[in-house]
Amino acid sequence: MSTTTGIERNLCIVRERIRQAALQCGRDPAGVRLLAVSKTMPGQSVLEAMAAGQHWFGENRAQDLIDKAAAIAGDCEWHFIGHLQKNKVRPVVRAAAWIHAVDSPELLARIDRIAGEEGRRPVVLIEVNVSGEARKFGCSPDAAEALAGEACRCRNLDLRGVMTMPPFGAPEPELHAIFGGLRHLRDRLQESLGVSLPELSMGMSGDFPVAIAEGATIVRVGTAIFGPRG
Ligand SMILES: *Cc1c(COP(=O)(O)O)cnc(C)c1O
């Protein structure tokens, strides 16, 4: 099987699994969007996925996103899903339509200021470390309200929801607890801040059906589309 047909075929399989997972819990499959995580994959793989109708691509390294966004023209949108370093905010704001993992007031303020200077208005999600387990990134559930409140006051970004990454290898009951916990947190934020936060970015190749059962609106899928990373 050639790589070309591989990506197209994998995309079909992933889309069908998304559809089934949504239907199984009584959700409209159109309410779950697929972000293809193309990190470490060559531009050619992105082009093949685009040819198969994929529009959203995610990268977790700033330089890779910048390079691919510059090289690949056409009907696609770039999402930055990694930890954003201060000195990469400007080029990422120029190239990315979405930034998924904002977890500090400093980063938020910097994105807002630079987006204003660049005449951009990225969609922003707040990354929450729901399980409280020792992970490097993501704000605590307790810090999320202040951060979301801050984001609502920013003029040059569009806060649309929250994102999480469970600890690697978490068993299914824990995944349900984490993804469900993010949804409950989002519900509380909407209530206390009086804003709409429709997006729940959660679920990867190994766990997206669980995330969909818990309300995911965006699943970030790499390996199941592009194959294993080297
Ligand atoms: C790599 C990555 C993914 C996709 O992981 P797969 O297991 O390959 O689907 C999703 N989200 C983030 C933040 C990632 O870094």
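Predicted model: local features only at pLDDT ≥ 70, side-chain atom pairs only at ≥ 80, totals over all residues.
User: Which residues are around the ligand?
Analyst: The ligand sits in the largest pocket. A pocket is an open set of points on a 1 Å grid over the protein atoms alone, where a 1.4 Å probe fits, with protein on both sides within 12 Å along at least five of seven lines; a molecule sits in it if more than half of its atoms lie within 2 Å of its grid points. A residue is counted as near if one of its heavy atoms lies within 4 Å of the molecule. The residues around the ligand are Val37, Lys39, Ile81, Met165, Met204, Ser205, Arg220, Val221, Gly222, Thr223 and Arg229.

User: How much of the ligand's area does the protein bury?
Analyst: Oxygen atoms of the ligand lie 2.7 Å from a side-chain N or O atom of lysine 39 and 2.8 Å from a backbone N or O atom of glycine 222. A polar side-chain atom of arginine 220 is 2.8 Å from a ligand nitrogen. Taken alone the ligand exposes 390 Å² (Shrake-Rupley method, 1.4 Å probe), and the share buried by the protein is 92%.

User: Which side chain makes a polar contact with the side chain of serine 38?
Analyst: Serine 38 lies in the loop between β1 (33–37) and α2; helices (H or I, at least four residues) and strands (E, at least two) are DSSP runs, numbered from the N terminus. Serine 38 is buried at 0% relative accessible area, where buried means under 20%, exposed over 50% and partly exposed in between (1.4 Å probe, protein chains only). Beyond four places in sequence, serine 38 touches residues (heavy atoms within 4.5 Å) including Val46, Lys68 and Trp78. Its polar contact (N or O atoms within 3.5 Å, one able to donate a hydrogen and the other to accept it; residues adjacent in sequence count only if both atoms are side-chain atoms) spans 2.7 Å, and the partner is glutamate 59.

User: Is threonine 40 buried or exposed?
Analyst: Threonine 40 is found in the loop between β1 and α2, and its phi is near 70°, a positive value. Most residues other than glycine have a negative phi. At 51% relative accessibility, threonine 40 counts as exposed.

User: What distance separates the side chains of serine 201 and histidine 100 in their polar contact?
Analyst: Serine 201 lies in strand β7 (residues 199–201) and is buried, with a relative accessible area of 0%. Among its contacts beyond four places in sequence are His100, Ile218 and Arg220. The polar contact between the side chains of serine 201 and histidine 100 is 3.0 Å.

User: Which elements do the buried residues of α3 pack against?
Analyst: The buried residues of helix α3 (residues 62–71) are Ala62, Leu65, Ile66 and Lys68. Residues three or four places apart in an α-helix point the same way, because there are 3.6 residues a turn. The elements packed against the buried residues of α3 are α2 (43–51), β2 (56–59), β3 (77–80) and α4 (89–95).

Terms used: Residues numbered from 1 in each chain as written. Heavy atoms only, no water. 1 Å grid on protein atoms, 1.4 Å probe; cavity = no way out; pocket = protein on both sides within 12 Å on 5 of 7 lines; lining within 4 Å.
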